[in-house]
Amino acid sequence: MRDSSPKRVAIVGPGALGCLLAATLCRIHEKIWVLDHDSQRAALLQHSGLTLECADHLEHFSIQATADAQEIGPVDLVLLCVKSPALGHTLSSLPPLLRKNTLLLAWQNGIGHLPVLLGAELPGALALAVTSLGAHLVGVGQVRFGGAGATSLGFLGAPPQWAELALLEAAEVFQAVGLEVGVEADILVQVWNKLLVNVGINALTAIHNCENGGLLKNGEALALLQAAVLEAASVAQAKGIAIAPEPVARTIAVCQATASNISSMLQDVRANRQTEIEAINGAVLEEARRLGIPAPVNAELFNAVKCLEKGYLVG
Ligand code: PAF
């Protein structure tokens with residue numbers, strides 16, 4: 001086993017997943033840094049720390065939080081946990097955290113943001129994390145654990161050797177705090193497997209304002225879930241991505257396993273935030289257009305969520 005002693009770690013974005021990962025890593029790290037673009041919220045996090053709600057049990061953790069990346073300085077591992085719409089401006093705030101052997105691990109849903117990530121050409125190495133961990137933000141720094149789920153880590157291209165080792169070490173750190181984490185040779189397959197699940201669940205739960213399990217009780221929504229996933233699966237196949245078999249059955253299984261979860265997209269709509277619709281159904285639509293594959297259901301879901309966003313986003 002490699003050296004899995006705590007490294008310098010910064011978590012960017014104190015949303016549901018960012019807070020869950022930060023709280024979990026506090027179990028073995030004395031000092032976890034959280035970077036937030038919002039200086040007032042960072043001050044609150046610095047003062048009050050994080051609360052993790054797991055079943056009926058509450059745990060509290062102290063963290064270091066700031067809106068100034070210079071205050072953190074270079075770290076070994078950055079967990080980039082902001083949602084895809086915030087990536088553009090977040091990436092430009094990262095350089096003070098990065099040096100030539102920093103591993104940047106990006107945890108976004110979808111695929112639409114990948115060109116932004118890859119085009120940023122930041123120092124260090126970029127890897128992706130694909131997770132089915134459930135998390136629900138109930139207040140600033142207050143996160144409810146939404147269920148255990150596997151996480152895959154991997155590089156999109158061929159990484160330098162130091163980065164391969166750094167990723168294995170990161171996986172060992174996550175395993176040491178009880179997370180189910182593995183390193184994958186072909187992370188793009190995992191990205192698409194997860195994308196298909198998000199294509200089927202996220203927009204529909206936002207449109208119907210229901211928990212994930214609610215989609216299984218609504219015949220019309222279930223039919224759209226199936227059609228949207230099959231359209232996206234045709235796109236993946238046309239792109240030569242070796243997605244796992246039975247994507248509709250897998251999506252339905254996730255609905256069952258996370259029946260009482262509020263999907264991340266519904267959480268965004270309820271909090272009047274920009275959703276990840278562009279990176280999920282929007283990106284599938286774009287790929288479908290490029291490949292000449294019809295994707296009317298993804299278009300319908302995309303437009304419906306854009307309409308919801310228009311109701312509360314200004315500009
Ligand atoms: O985005 C989400 O909410 C999650 O990826 C999933 C799997 C749909 C569960 O809620």
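Me: How far is an oxygen atom of the ligand from an N or O atom in the side chain of N212?
Reply: This is a predicted model, where local features need pLDDT of at least 70, side-chain atom pairs count only at pLDDT 80 or more, and totals for chains, interfaces and linings use all residues. Residues are numbered from 1 along each chain as its sequence is written, and side-chain values use heavy atoms, with hydrogens and water left out. For the side chain of N212, the distance from its N or O atom to a ligand oxygen is 2.9 Å.

Me: What percentage of the area that the ligand exposes alone does the protein bury?
Reply: Areas are accessible areas by the Shrake-Rupley method with a 1.4 Å probe; for residues, only the protein chains shown count as cover. Taken alone, the ligand exposes 280 Å². The share of this that the protein buries is 88%.

Me: Which residue forms a salt bridge with R290?
Reply: A salt bridge is a side-chain nitrogen of Lys or Arg within 4 Å of a carboxyl oxygen of Asp or Glu. For R290, the closest N and O atoms of the pair are 2.5 Å apart. The partner is E287.

Me: Is E287 buried or exposed?
Reply: Buried means under 20% relative accessible area, exposed over 50%, and partly exposed in between (1.4 Å probe, protein chains only). R290 has 61% and is exposed. E287 has a relative accessible area of 16%, so E287 is buried.

Definitions and conventions:
A polar contact is a pair of N or O atoms within 3.5 Å; within protein, one must be able to donate a hydrogen and the other to accept it, and residues adjacent in sequence count only if both atoms are side-chain atoms.
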